[in-house]
Amino acid sequence: MKIKAILAEHNKYRDEVGVPPLRWSKKLAASAQKWANHLAATGTFDHSGAGENLANGTAGAYSVTQLIDLWGDEKKNFKNGIFPDVSTTGHWDKVGHYTQVVWRKTTEVGCGLASGHGKDFLVCHYNPAGNFIGQKVF
């Protein structure tokens, strides 16, 4: 796991909007790795709970930073507002990964990566979780 690269990629997006950088959490990384292993073993793509981003791609085709950039690319549809009114599309789920990455109140991240069923699965867990209704993103 490329911890420095994962933190740098998250913090690049956070720096763009002026929120403090995230710190790495071994505890969050352990839970994220457990869920990534589950997804890889089952070939499913479901969330385990709040405060979580998921990405997948063809095994070996994407770096962890490229997978994180899938979330960052959602910023093109982001509008600064009160959650869930944060998307120019009218659908918060079109920007929900991005908003979790840049959520001001989030201070820690931990990620896990696993391969199975021809795919790489990246799971990142965040604390405190973001995307709370009625709160500002940053």
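This is a predicted model: local features need pLDDT of at least 70, side-chain atom pairs count only at pLDDT 80 or more; totals for chains, interfaces and linings use all residues.
Which are the buried residues of helix α3?

**View 1. Buried face of helix α3 (residues 64-72).** The buried residues of this helix are V64, L67, I68, W71 and G72. Seen down the axis of α3, these buried residues fall within an arc of 160°, so they line one face of the helix. Their packing partners are α1 (3-16), β2, α4 (96-102), β3 and β4.

View 2. L28, A29, A32, A36, L39 and A40 are buried in α2. Seen down the helix axis, the buried residues of α2 fall within an arc of 100° and therefore line one face. This buried set packs against β1 (23-24), β2 (52-58), β3 and β4 (119-127). On the other side of α2, the residues K26, K27, K34 and A41 are exposed.

View 3. A29 has a relative accessible area of 12%; because buried means under 20% relative accessible area, A29 counts as buried. Leaving aside residues up to four places away in sequence, A29 touches W24, G110 and C111. A further pair to inspect in this view is A29 and E108. The two residues are 79 residues apart in sequence, and their C-alpha atoms are 10.0 Å apart in space.

**View 4. A nonpolar surface patch formed by M1, I3 and L113.** Together, the three residues of this patch have about 240 Å² of accessible area. L113 belongs to strand β3, which comprises residues 108-116. The relative accessibility of L113 is 31%, and this residue therefore counts as partly exposed, a class that lies between the buried limit of under 20% and the exposed limit of over 50%.

**View 5. The cis peptide bond between F83 and P84.** Omega for this bond is about 10°. P84 is located in the loop between α3 and α4.

**View 6. The cis peptide bond from N127 to P128.** Here omega is near -15°. P128 lies in the segment after β4.

**View 7. Positive phi at H117, in the loop between β3 and β4.** Although H117 is not a glycine, its phi is positive, at about 55°. With a relative accessible area of 58%, H117 is exposed, because the exposed class begins at over 50%.

**View 8. Positive phi at N131, in the segment after β4.** N131 is not a glycine, yet its phi is positive, with a value of about 60°. The segment after β4 that holds N131 also contains P128, to which a cis peptide bond leads from N127.

Notes
Residues are numbered from 1 along each chain as its sequence is written. Side-chain values use heavy atoms; hydrogens and water are left out. Patches are made of residues with over 30% relative accessible area and no salt bridge: like charges are joined within 9 Å, nonpolar side chains (Val, Leu, Ile, Met, Phe, Trp, Tyr) within 5 Å. Accessible areas come from the Shrake-Rupley method with a 1.4 Å probe; for residues, only the protein chains shown count as cover. A salt bridge is a side-chain nitrogen of Lys or Arg within 4 Å of a carboxyl oxygen of Asp or Glu. Helices (H or I, at least four residues) and strands (E, at least two) are DSSP runs, numbered from the N terminus. Buried means under 20% relative accessible area, exposed over 50%, partly exposed in between (1.4 Å probe, protein chains only). The arc is that of the directions from the helix axis to the C-beta atoms. Contact means heavy atoms within 4.5 Å.
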